[in-house]
Amino acid sequence: MTTLDDLPIRDDLRGLKPYGAPQLDVPVRLNTNENSYPVPEPVVEAIGKALAAELRDLNRYPDRDAVALRADLAGYLGHGLTVEQVWAANGSNEIQQQLLQAFGGPGRTALGFTPAYSMHPLLALGTGTGWIPAARGVDFGLTADEAVAQVRAHRPDVVFLCSPNNPTGTALDPAVVAAVLAEAPGMVIVDEAYAEFARPGTVSALAVLPGHPRLVVTRTMSKAFGFAGGRLGYLAADPAVVAAVQLVRLPYHLSALTQAAARAALAHRDALLGTVTAIMQQRDRIVAELRARGHRVADSDANFVLFEVGGEQSTAWRTLLDAGVLVRDVGLPGWLRVTAGTPAETDAFLTAMEKLS
Ligand code: PMP
């Protein structure tokens, strides 16, 4: 049998395993920060109609520039953004890959403050971009001084900021974004996949876009919109950034079906985003309950919670799985991450947690 090692694969890919959380068939799946609520029936119908309207024309390529969808996304984001400042792709993973293809690549570097989203270094690897793992401070925080010192030391071509940060959950102080923008010699990407779940008082980097052509804010419909299976991510930036990613995107990367489904979902955003408040309540309930039980817990502005288990995290992960609850071991010694879903899922998780002590 031929194995990967027998193939003339790139040296830097040799011995690697594909990225991905376990997709296990267990009663309570709280490991990938999806929205636990199914798509509401009226939205199912609207998306179905929108898809049906596309079917006869599937002999033709879709709108390569996805103009109507980008206009809808700009309208959703507000901040006076226009279609020229928004770009869309198959998930924010693809958006970030395109950004690295355009602004990273061989001979260039990208820097991120770990622990952060584990796909950032993998996207760097796939695009031949050197990865610089910079560090967060105490309690997984990041101050402007800590961030600036590391950007100054490495002068990366691309800086990743993640706010709210995955896996810790906490949003960045806007002063950190401003300070990094002032110091960074290249592009600054603020990954705001979880922005809709942020606690009141949190500021999106969208507000900082005017006058900052090297700033890119990435968003997704996978989390708050409950549209992970639809695969739709997007960015907001200066029109010149949109022009840059168009140099590397595959022609017709967004299928006609994806564009139509996403537009129908956006048209029903009130119904889809209607779950956000309920999810935030479960998130706050998990934080409060785990703290009351004596666990250390990171502040969360997202739809997940990072908590200390008090022991080896892989053992705790297995104990919770045996109790029917799948959470995420992100490889942080002593810590696990749980997604906030429905009240019943929180009940199951909190009950399973009693098995740890
Ligand atoms: N950014 C962050 C911080 C994430 O946690 C995720 C999903 N886990 C993504 C981006 C990618 O999401 P998608 O490709 O589904 O938009």
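Visitor: Which residues does Thr-129 touch, not counting residues up to four places away in sequence?

Guide: Thr-129 touches Leu-100, Gly-104, Gly-105, Arg-108, Thr-109, Ala-110 and Ala-124. Please bear in mind throughout that this is a predicted model.

Visitor: Where does Thr-129 lie, and is Thr-129 buried or exposed?

Guide: A residue counts as buried if 20 or more other C-beta atoms lie within 10 Å of its own. Thr-129 has 23 C-beta neighbours inside 10 Å and therefore counts as buried. Its place is the loop between α4 and β4 (130-135).

Visitor: How many residues apart in sequence are Thr-129 and Lys-223, and what is their C-alpha to C-alpha separation in space?

Guide: Thr-129 and Lys-223 are 94 residues apart in sequence, and their C-alpha atoms are 27 Å apart in space.

Visitor: Turning to the backbone, what is phi of Ala-66, and where is the place of Ala-66?

Guide: Ala-66 is not a glycine, yet its phi is positive, at about 45°. Ala-66 sits in the loop between α1 (41-55) and α2 (67-77). With 26 other C-beta atoms within 10 Å, Ala-66 is buried.

Visitor: What is phi of His-79, and how many C-beta neighbours does His-79 have inside 10 Å?

Guide: Phi of His-79 is near 55°, again a positive value in a residue other than glycine. His-79 has 14 C-beta neighbours inside 10 Å, so it counts as partly exposed. This residue belongs to the loop between α2 and β2 (86-89).

Visitor: What is the peptide bond from Thr-114 to Pro-115, cis or trans, and which bond joins Asn-166 and Pro-167?

Guide: The angle to read is omega. From Thr-114 to Pro-115 the peptide bond is cis, with omega near 0°. Asn-166 and Pro-167 are likewise joined by a cis peptide bond, with omega about 15°. Pro-115 lies in the loop between β3 (109-114) and α4 (119-126), while Pro-167 lies in the loop between β5 (158-162) and α6 (174-183).

Visitor: How many residues surround the ligand, and which are the closest?

Guide: The ligand is surrounded by 13 residues, and the closest are Gly-91, Ser-92, Asn-93, Thr-220 and Ser-222. Helix α3 (residues 91-103) gives the most to this shell, with three residues.

Visitor: Into which domains is the protein chain divided, and how many residues does the contact take from each?

Guide: Domain 1 comprises 4-30 + 275-356, and domain 2 comprises 41-269. The contact takes 18 residues from domain 1 and 22 residues from domain 2. On the side of domain 1 that touches domain 2, α10 (276-292) and β9 (304-308) each supply at least two residues. The residues of that side divide into eleven nonpolar, three polar and four charged. The C-alpha centres of the two domains lie 23 Å apart.

Visitor: Which residues does UniProt list for a domain?

Guide: In an unreviewed entry, UniProt lists residues 28-352 for "domain: Aminotransferase class I/classII large". In the model, that span is 40% helix and 16% strand, and its end C-alpha atoms lie 11 Å apart.

Visitor: What pLDDT does the protein chain average, and what ipTM and pTM does the model score?

Guide: The chain averages a pLDDT of 96, and 100% of the residues score at least 70. The model scores ipTM 0.99 and pTM 0.97.

Note on methods: Residues numbered from 1 in each chain as written. Predicted model: local features only at pLDDT ≥ 70, side-chain atom pairs only at ≥ 80, totals over all residues. Domains from an automatic or database assignment. Contact = placed C-beta atoms within 7 Å. Helix = DSSP H or I, 4+ residues; strand = E, 2+ residues; numbered from the N terminus. Nonpolar A, V, L, I, M, F, W, Y, C, P; charged D, E, K, R; others polar. Near = placed C-beta within 6 Å. pLDDT = per-residue confidence, 0-100. UniProt positions renumbered as here; feature names shortened; annotations may be inferred. Buried ≥ 20, exposed ≤ 12 C-beta atoms within 10 Å, placed from the backbone.
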